[in-house]
Amino acid sequence: MGDDTWRRAGWAGAAVGVLAAGAAAGVAIERLAIGRSVREKARLALDAEGPYGTLRGTPGRAFADDGTELLYEVDEVDEVDEPAGAGAGDPTVVFCHGYCLNEDSWHFQRAALRGRVRAVYWDQRSHGRSGRGVSQAGPDGEPVSIDRLGRDLKAVLDAAAPEGPLVLVGHSMGGMTIMALADRYPELVRERVAGVAFVGTSAGRLDEVSYGLPAAGVKAVRRVLPGVLRTLGTRVELVERGRRAATDLFAGLVKKYSFATKDVDPAVARFAERMIESTPIDVVAEFYPAFAEHEKTAALAAFRNLPVLALVGDQDLVTPPAHTEAIARALPGAELVIVPDAGHLVMLERPEAVTGRLADLLVRAGEALRPEGAGRDNG
């Protein structure tokens with residue numbers, strides 16, 4: 001294979017890889033003047049020394065209705081730190097990650113809440129440690145849908161938190177998964193959900209997102225991208241080699257579409273890059289069409305009169321603030337938070353802001369569970 005072919009494969013692989021953060025478009029790479037060996041040594045050092053993604057809990061497994069193995073971990077409450085009055089009636093907090101990420105994307109929130117609440121962190125199908133989607137296997141496999149992800153979440157809840165109140169937290173695709181759960185199982189929301197947090201997500205109309213591109217560029221990407229992804233999804237080895245060959249372009253694209261500030265901790269940026277680059281190109285291709293079809297505005301009604309947090313970074317190019325504002329309008333009483341100087345991975349870029357608002361949500365959910373808060377109607 002000639003150099004030109006590999007060069008094209010490298011750029012294509014890197015550009016498609018950034019779909020994990022929402023787009024495939026030109027970005028100026030500031031570090032091109034730095035020697036490749038220096039950059040590689042820096043990445044290896046960050047991989048070796050960075051503590052991110054190292055928190056682990058008690059492992060468990062659930063099985064989706066098509067047989068896909070879904071892995072989760074549970075962090076229990078530390079008995080020595082358990083406050084008076086806490087117990088079985090307290091909610092389990094379930095964290096749902098986004099597209100091309102995994103449960104470790106909640107690292108900072110997990111570190112802050114560890115031992116203080118019962119929490120479940122799980123990997124969506126074909127992501128992280130979970131198995132590849134059984135129903136997507138083979139040439140005749142069915143497309144991934146957000147509805148299927150909602151059913152996957154139900155399987156995880158049945159296995160990891162079959163009883164008691166729940167607080168659901170979802171980022172990006174994870175928030176959409178929660179909406180799909182409510183659409184399919186509204187009675188579960190009525191009976192068990194005590195609060196919900198939508199972080200950098202959308203209830204629909206994602207086909208209108210510009211990703212910060214000019215109109216002509218958006219139209220071109222939308223026209224050719226589905227076909228390009230389908231093709232590249234069948235050339236996994238070629239694309240993955242190309243994506244690795246264009247590491248610097250890939251890192252720049254990830255940073256642009258994940259973070260808003262240039263001073264983000266390099267170890268955090270590399271952590272995000274590692275999560276995203278670990279997603280195989282055929283998984284990227286399988287999931288991408290589901291977002292254009294996603295429309296769950298009506299399903300939000302299941303969360304009315306519940307404590308709701310709707311939070312987004314003010315410079316999110318993937319699920320822009322207008323989408324979170326739309327969620328808040330559909331849920332009067334929801335707390336709308338637009339975090340300044342933050343992009344799509346707001347929980348990594350501004351962890352204190354996200355964790356603090358989640359803590360407030362848990363307080364509100366706990367208050368709603370007290371006897372004087374019982375009897376709510378979220379129909």
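## A histidine in a loop

Let's start with histidine 344, which sits in the loop between strand 8 (335-339) and helix 13 (346-349); helices (H or I, at least four residues) and strands (E, at least two) are DSSP runs, numbered from the N terminus. The model is predicted, so local features need pLDDT of at least 70 and side-chain atom pairs count only at pLDDT 80 or more, while totals for chains, interfaces and linings use all residues. Residues are numbered from 1 along each chain as its sequence is written, and side-chain values use heavy atoms, with hydrogens and water left out.

Is histidine 344 buried or exposed? Histidine 344 has a relative accessible area of 5%, so it is buried (buried means under 20% relative accessible area, exposed over 50%, partly exposed in between, with a 1.4 Å probe and protein chains only). Its side chain makes a polar contact with the side chain of threonine 319 at 3.3 Å. A polar contact is a pair of N or O atoms within 3.5 Å; within protein, one must be able to donate a hydrogen and the other to accept it, and residues adjacent in sequence count only if both atoms are side-chain atoms. Leaving aside residues up to four places away in sequence, histidine 344 touches several others, including His171, Tyr257 and Asp316 (contact means heavy atoms within 4.5 Å).

## The chain as a whole

The chain has 14 helices and eight strands. Of its 379 residues, 55% are buried. Among contacts with a separation of 6 or more, 81% join residues 24 or more positions apart.

Proline 186 gives an example of positions that are separated in sequence: it and leucine 300 are 114 residues apart in sequence and 9.9 Å apart in space, C-alpha to C-alpha. Proline 186 belongs to helix 6 (residues 186-192), and its 28% relative accessibility makes it partly exposed.

## Two crossing helices

How do helix 4 and helix 5 cross? The axes of helix 4 (residues 146-160) and helix 5 (residues 173-184) come within 7 Å and cross at roughly 80 degrees. Axes are lines fitted to C-alpha atoms, for helices over the stretch in contact, and angles run from 0 to 180 degrees between N-to-C directions.

## Two positive phi angles

Cysteine 100 is not a glycine, yet its phi is positive, at about 65 degrees. Cysteine 100 lies in the loop between strand 3 (92-96) and helix 3 (107-113) and is buried, at 0% relative accessibility.

Arginine 205 also has a positive phi, near 65 degrees. Arginine 205 is exposed, with a relative accessible area of 53%.
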